[in-house]
Amino acid sequence: MDATVTDRRTATRGDATELDIGVEGMTCASCVRRVENAVRKVPGVADVSVNLATEQARVTFNGKPDAAAAAQAVRDAGYGISEAVFDLNVTGMTCASCVNRVERALNQLPGVLKAEVNLATERARVSALRGSVTADRLASAVHEAGYEATPVGGERALSDETDLPAARSRRDLLRVLAAAALSAPLLAGMAGHLFGSHWMLPGWIQFALATPVQFLLGWRFYVAGWKAVRALAGNMDLLVALGTTAAWSLSVYELVTAPSGQDLALYFESSALVITFVLLGKWLEGRAKGQTASAIRALIGLRPDKARLRRGDTEVELPLAQVKVGDVVIVRPGERVPVDGQVQEGGGSVDESMLTGESLPVEKTVGDRVTGGSINADGLLVIETTAIGGETTLARIVRLVESAQASKAPIQRLVDRVSAIFVPVVLGIALVTLIGWWAHTGDVTTAILNAVAVMVIACPCALGLATPTAIMVGTGAAARHGILIKDAEALERAYAVTIVAFDKTGTLTEGRPKVTDLIPAQGVSEGELLQLAVTLQAGSEHPLAAAIGRLAEAKNVHAERATDFRALPGRGVSAKVEARTLLMGNRQLLEENGVPVTGYLAGPAPELEASGRTISWLAETMPEPRVLGLIAFGDAVKASAAAAVGQLHRQGLRTVMLTGDGQGAAHAAARSLGIDHVVAEVLPEGKADAIARLRSEGNVVAMVGDGVNDAPALAAADIGIAMATGTDVAMHTAGITLMRGDPALVAAAIDVSRRTCGKIRQGLFWAFAYNAVGVPLAALGLLSPVIAGAAMALSSVSVVTNALLLRGWKPQAERT
């Protein structure tokens with residue numbers, strides 16, 4: 001986006017700043033007035049003008065614009081905002097204080113709504129008003145804050161980026177080895193003191209060894225510390241630079257001023273070993289952080305670089321980037337499927353385990369869909385391409401996992417507040433330590449060393465890493481087993497769930513019902529009943545409609561022409577066939593239209609429902625209201641459903657089933673599964689109301705569903721869990737998506753959420769406890785700078801390593 005657009009969107013005139021906001025959803029002049037009145041109430045707004053034709057609101061602020069407040073006012077008025085999202089790679093960050101500084105720099109730009117920076121991934125995600133900023137302007141703001149940023153590229157760039165941490169790790173290891181080699185002689189003399197030997201290298205040799213460690217290998221701390229000072233902030237690098245420089249300078253002073261022949265009290269080993277330990281800690285931390293991203297690397301690695309296309313009578317191998325939708329792709333046994341597509345010829349077993357977590361290969365035949373990244377185990381597949389590049393299922397999964405790993409958990413806000421003042425507070429404690437020890441003992445050397453220990457042991461790194469590393473590893477482990485978690489907030493909500501509500505059809509049952517009974521009314525034949533039913537359901541995608549279609553096809557019954565077809569969510573369908581107005585659905589639909597259920601049909605219905613059957617009534621309202629017959633359906637319960645409900649009970653959760661089925665069928669299914677409570681004969685909006693009632697009782701509710709009818713309930717729940725076998729609308733509404741229709745994954749999703757949040761809390765506890773104990777001990781003179789440096793390096797490594805234990809997580813069903 002060019003600079004002219006940026007200037008138009010954010011213009012400054014005198015003390016006033018104009019900001020253009022794209023508004024979505026306005027339809028008339030009253031909408032314009034609503035938006036203007038809402039935005040005018042935002043503090044600092046001097047004027048607002050909304051243009052319905054361009055769908056733009058031009059807002060004039062007195063002073064610095066508050067884009068987030070103006071955008072929220074538009075949303076609160078019931079309209080949408082045109083947003084753009086930017087992802088940046090940020091280098092040079094070392095601790096939570098750096099994260100705060102980058103976020104502050106980005107959030108200060110006009111038009112930026114929210115900026116979130118992740119220390120573990122070294123990424124920034126920025127949401128801004130569309131057109132208000134460019135990626136280059138965001139990168140420039142990061143540079144001005146003392147760091148470097150580049151926009152995240154496409155899929156190939158993302159693949160290339162996975163090589164960068166390895167190169168950086170090799171470079172850091174060389175620095176660690178060089179620092180260790182130079183520091184080892186200094187450590188030898190120090191170790192000798194512990195065993196009663198007073199051997200020590202000559203002072204100028206110590207100087208020669210320590211100085212390259214201090215100013216060459218440790219130069220990174222000076223650079224990053226100076227950038228922090230320029231930005232009127234502090235970070236871990238500043239603490240290390242100040243502390244080690246003080247120890248090195250004190251040693252140089254002693255070396256230069258001490259009389260000849262006098263024993264020297266030098267501390268070169270302290271400065272050199274602290275830098276060595278910190279470099280070692282950073283190298284170990286980087287390696288551990290690299291392992292947290294293993295899930296993303298594994299997913300990216302599923303995509304082959306080339307595809308074999310059929311062109312006429314020949315086969316050609318082309319780079320994947322040249323494949324287009326509609327191309328015919330040949331996949332031989334043992335090869336990965338390069339694109340999403342539909343099988344045109346051939347068939348065989350396809351291994352989708354890396355995408356769905358399903359360990360058994362899935363049989364594919366003509367007409368079945370296949371997913372790019374899966375492996376053709378046997379047989380030859382000829383596939384017509386339906387999605388490529390960023391639109392493939394694999395690409396969407398990668399984006400979802402990346403988005404979750406880049407998100408910030410609500411608990412991180414506390415960490416951000418602490419880290420914002422952490423370095424200034426530590427510097428204050430170090431100053432008090434220096435003055436206190438000097439005043440108390442009169443020994444300036446002891447005072448300086450204790451102040452150095454305070455600065456060196458304080459570690460904001462562990463605070464900044466505790467949350468993002470656990471989220472990265474937890475969401476990555478979940479993704480490997482077919483559980484996609486939308487963001488960190490969904491993790492925390494799932495952790496707190498107390499009730500799980502299930503939709504029935506397609507969630508607890510196979511979602512592939514079959515007709516078990518056809519009972520026509522008097523004067524109606526079974527063939528006529530089936531023909532009318534298939535005519536009514538021809539325009540529906542409901543599983544019951546598909547069951548009727550399969551039976552009609554088997555009996556060679558064809559649909560007639562129907563008009564005015566209407567889908568009635570939660571009740572059924574209606575249409576006109578010739579001069580007759582027909583209905584097909586549940587008993588509630590009949591009652592709404594004044595159609596009584598009389599005669600012998602009233603008898604078998606309760607019995608069929610009590611045995612678990614779902615009943616659909618077929619009736620006409622014109623020329624006269626009457627029931628034409630009933631059709632009973634049976635839908636097999638999924639094999640893992642009962643065990644899944646049992647696992648939820650063992651986790652201490654209550655279960656509820658929400659369904660539009662009749663009371664008899666719903667309660668029969670619930671009894672077989674062990675579900676605690678049933679809400680039957682409920683419309684889609686009724687499901688949302690039922691969820692709201694459960695929440696009003698103080699429960700934290702998870703809703704599990706797979707269809708359009710479930711979307712309102714998924715949105716109404718504290719956390720929505722959608723099965724990927726269902727519709728896109730359900731998955732967009734959900735906080736967690738299950739990549740296969742296995743109810744056992746619900747308990748697994750809650751389990752991984754609990755374990756991940758547990759790791760977050762463990763990491764934060766140890767990070768806070770480490771600083772709360774270590775800093776006072778250093779201030780009291782109970783820790784030497786060397787021990788303090790080693791402890792500081794260990795703290796961040798231990799937090800990341802603890803989070804890495806989540807990599808071995810498996811769902812309960814897969815544990816041996």
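These legends go with close-up views of a predicted model.

**Figure 1. The whole protein, to get your bearings.** The protein has 29 helices and 31 strands; these are DSSP runs, numbered from the N terminus, with helices (H or I) of at least four residues and strands (E) of at least two. Its C-alpha trace spans about 125 × 65 × 60 Å along the principal axes. Of the 816 residues, 53% count as buried, meaning under 20% relative accessible area with a 1.4 Å probe and protein chains only. Take the contacts with a separation of 6 or more: 69% of them join residues 24 or more positions apart. Contact here means heavy atoms within 4.5 Å.

**Figure 2. Helix H4 meets helix H5.** H4 covers residues 96-107 and H5 residues 135-144; their axes come within 9 Å and cross at roughly 135°. Axes are lines fitted to C-alpha atoms over the stretch in contact, and angles run from 0 to 180 degrees between N-to-C directions. The two helices are therefore oblique to each other; under 35 degrees would count as roughly parallel, over 145 as roughly antiparallel, 65 to 115 as roughly perpendicular, and the rest is oblique. On the H4 side, look for Val102, Ala105 and Leu106, and on the H5 side for Leu138, Ala141 and Val142. That contact is made of six nonpolar residues, no polar and no charged ones. Nonpolar covers Ala, Val, Leu, Ile, Met, Phe, Trp, Tyr, Cys and Pro; charged covers Asp, Glu, Lys and Arg; the others, Gly among them, are polar.

**Figure 3. Helix H14 alongside helix H17.** The axes of H14 (residues 393-406) and H17 (residues 460-480) come within 8 Å and cross at roughly 155°. That makes H14 roughly antiparallel to H17. H14 brings Val401, Ala404 and Gln405 to the contact, while H17 brings Ile471, Met472, Thr475, Gly476 and Ala479. The tally for this contact is five nonpolar, three polar and no charged residues.

Figure 4. With 12 residues (219-230) at 1.5 Å a residue, H9 should span 16 Å, and its end C-alpha atoms are 17 Å apart, which agrees. The expected span is 1.5 Å times one less than the number of residues. Buried in H9 are Phe221, Tyr222, Ala224, Gly225 and Ala228. After H9 comes leucine 232, with a positive phi near 55°.

**Notes for all views.** Residues are numbered from 1 along each chain as its sequence is written, and side-chain values use heavy atoms, with hydrogens and water left out. Local features need pLDDT of at least 70 and side-chain atom pairs count only at pLDDT 80 or more, while totals for chains, interfaces and linings use all residues.

Terms used. Buried < 20%, exposed > 50% of the residue type's maximum accessible area, 1.4 Å probe, protein only.
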